[in-house]
Amino acid sequence: MIVSDCIQNRKSVRAYLDKPVPKGVLRELLEKAKQSPSGGNVQPWFVHVLTGEKLQALKITVQSKLQESPMGDGMEYNIYPENLKEPYRTRRYECGEALYKTIGIERDNKFGRLMQVARNFEFFGAPVGLFFTIDRNMGRPQWAHMGMFMQTFMLLAHEEGLATCPQEAWTMMHKTVDELLGLPKEQMLYAGMALGYEDTSHPINSFRTTRSSIDEFAIFHEK
């Protein structure tokens, strides 16, 4: 598949088929993704792949903790800046409204929205859950390299006919995930990711975000 087609057609998928992903495919995707750009060849990424009984055990533990504390473990880092300014605030708002509209959840249906948010912690029913971790002494440049690694992995997955959804929401459950994975103290959870085969019949997967025009973000310095 042409790279530009992968970029254009990849999307975050939030409903999956009950169909396993072969381990060999998972290993091949990671083998290819490791060629992602890395400043100084530091390669700051670690990936934890959960399937089968291990994934189910994680879901049970997380759901139990969410019942006790709906806010989870508390955020280890802010996903968005406090007091998000324009135009970013409006973009985020419109994204959320459009997403919930696909599944008929109105703005005043707070319970329905919370239940959909909770689906993050089931990996939206995907047969594979991935966690991306990074050494705590790494800085913002290395976080960017981690992001490039994740993007490379998602494009390769799309080429393979698989769907993904990157999930920073997992930072809400960072202590629980740390414990279940047995992470050393020097490593922190950066994000999770759902991986599997898209349920094309589910209305939520009809959702696509829009992008600003080039003139809104690109500045050509010619003179």
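Visitor: Which is Val13, buried or exposed?
Guide: This is a predicted model, in which local features need pLDDT of at least 70, side-chain atom pairs count only at pLDDT 80 or more, and totals for chains, interfaces and linings use all residues. Residues are numbered from 1 along each chain as its sequence is written, and side-chain values use heavy atoms, with hydrogens and water left out. Buried means under 20% relative accessible area, exposed over 50%, and partly exposed in between (1.4 Å probe, protein chains only). Val13 has 1% relative accessibility, so this residue counts as buried.

Visitor: Where does Val13 lie?
Guide: Helices (H or I, at least four residues) and strands (E, at least two) are DSSP runs, numbered from the N terminus. Val13 is in the loop between helix 1 (3-9) and helix 2.

Visitor: With which residues is Val13 in contact, leaving aside its neighbours within four places in sequence?
Guide: Contact means heavy atoms within 4.5 Å. With those neighbours set aside, the contacts of Val13 are Phe124, Ala163, Thr164, Cys165, Glu198 and Asn205.

Visitor: How many Å apart in space are Val13 and Leu195, C-alpha to C-alpha?
Guide: In sequence, 182 residues separate Val13 and Leu195. In space, their C-alpha atoms are apart by 8.7 Å.

Visitor: What pattern does the protein chain follow along the sequence?
Guide: The secondary structure comes to eight helices and four strands. Read along the sequence, the chain runs α-α-β-α-α-α-β-α-β-α-β-α.

Visitor: What is the radius of gyration of the protein chain?
Guide: The radius is taken over C-alpha atoms, and the globule rule is 2.2 Å times the number of residues to the power 0.38. For 223 residues the rule gives 17 Å, and the chain's value is close to this, so the chain is as compact as a globular protein of that length. The radius of gyration is 18 Å.

Visitor: What share of the contacts with a separation of 6 or more is between residues 24 or more positions apart?
Guide: The share concerns contacts within the protein chain whose separation is 6 or more. Residues 24 or more positions apart account for 85%.

Visitor: How many aromatic pairs are found in the whole structure?
Guide: Rings of Phe, Tyr and Trp (its six-membered ring) pair if their centres lie within 6.5 Å; planes under 30 degrees apart count as stacked, over 60 as edge-to-face and the rest as tilted. A search of the whole structure gives a count of nine.

Visitor: Why is the pair of Phe131 and Trp170 edge-to-face?
Guide: The ring centres of Phe131 and Trp170 are 4.9 Å apart. The pair is edge-to-face because the planes are at 90°.

Visitor: How many residues apart are Phe131 and Trp170?
Guide: Phe131 is in strand 2 (residues 128-135), whereas Trp170 is in the loop between strand 3 (163-167) and helix 7 (174-181). The pair links distant parts of the chain, and the separation is 39 residues.

Visitor: What angle lies between the planes of Phe132 and Phe149?
Guide: Phe132 and Phe149 form an aromatic pair, 6.2 Å centre to centre. The pair is edge-to-face, and the angle between its planes is 70°.

Visitor: Which element holds Phe149?
Guide: The pair links distant parts of the chain, 17 residues apart. Phe132 is in strand 2, and Phe149 is in helix 6 (residues 140-159).
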